Amino acid sequence: MSFASSRAFKGCRALLAPSKSAATATTAAALKPKATKTAEKRKSKPADSIKRTGILQATPISSALRDFLGVPESSRTDAVKKIWVYIKDQKLQNPTDKKEIFCDEKLKTIFDGKEKVGFLEIGKLLSRHFVKTS
């Protein structure tokens with residue numbers, strides 16, 4: 001490597017290196033949290049104006065599920081949450097196999113009279129309790 005080329009590379013390094021004032025400005029900017037447009041939109045919208053769709057949308061439910069939950073309509077997520085709260089409170093989960101739920105008389109009314117239900121079956125068994133709306 002010749003003297004001229006080494007001098008040129010040193011000059012490039014000096015040009016590409018950030019200045020001390022720029023380095024402190026970027027670290028200060030990195031520490032400051034940025035507000036995004038979507039976060040601002042979420043903050044400005046009231047919770048009541050958000051349209052719930054899909055599994056979050058409250059729909060009419062069957063009489064058996066209505067008796068279990070105590071409400072005339074529910075979203076799928078709320079129904080599953082309330083059923084899990086009931087299962088945990090009544091200690092109906094199999095202690096050796098947590099994927100298995102023992103059904104008491106109240107759960108048998110919504111789970112087709114089955115003695116045991118796998119936790120992955122809950123969604124399938126609940127789908128018939130939600131009335132289709134168009």
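This is a short chat about a predicted model of one protein chain.

Q: What should I know about the model and its numbering?
A: It is a predicted model: local features need pLDDT of at least 70, side-chain atom pairs count only at pLDDT 80 or more, and totals for chains, interfaces and linings use all residues. Residues are numbered from 1 along each chain as its sequence is written, and side-chain values use heavy atoms, with hydrogens and water left out.

Q: How many helices and strands in the protein chain?
A: Seven helices and four strands. These are DSSP runs numbered from the N terminus: helices are H or I, at least four residues, and strands are E, at least two.

Q: Where is lysine 114?
A: In the loop between helix H6 (105-110) and strand E4 (116-118).

Q: Why does lysine 114 count as partly exposed?
A: Because its relative accessibility is 31%. Buried means under 20% relative accessible area, exposed over 50%, and partly exposed in between (1.4 Å probe, protein chains only).

Q: Which residues does lysine 114 touch?
A: Cys103, Lys108, Glu121 and Leu125, not counting residues up to four places away in sequence. Contact means heavy atoms within 4.5 Å.

Q: Switching topic: which residues have the most contacts inside the largest nonpolar core?
A: Leu65, Ile83, Leu107 and Phe111, in a core of 19 residues. Such a core is a set of buried Ala, Val, Leu, Ile, Met, Phe, Trp, Tyr and Cys residues joined through side-chain atoms within 4.5 Å.

Q: Which helix gives the largest share of this core?
A: H5, with four residues.
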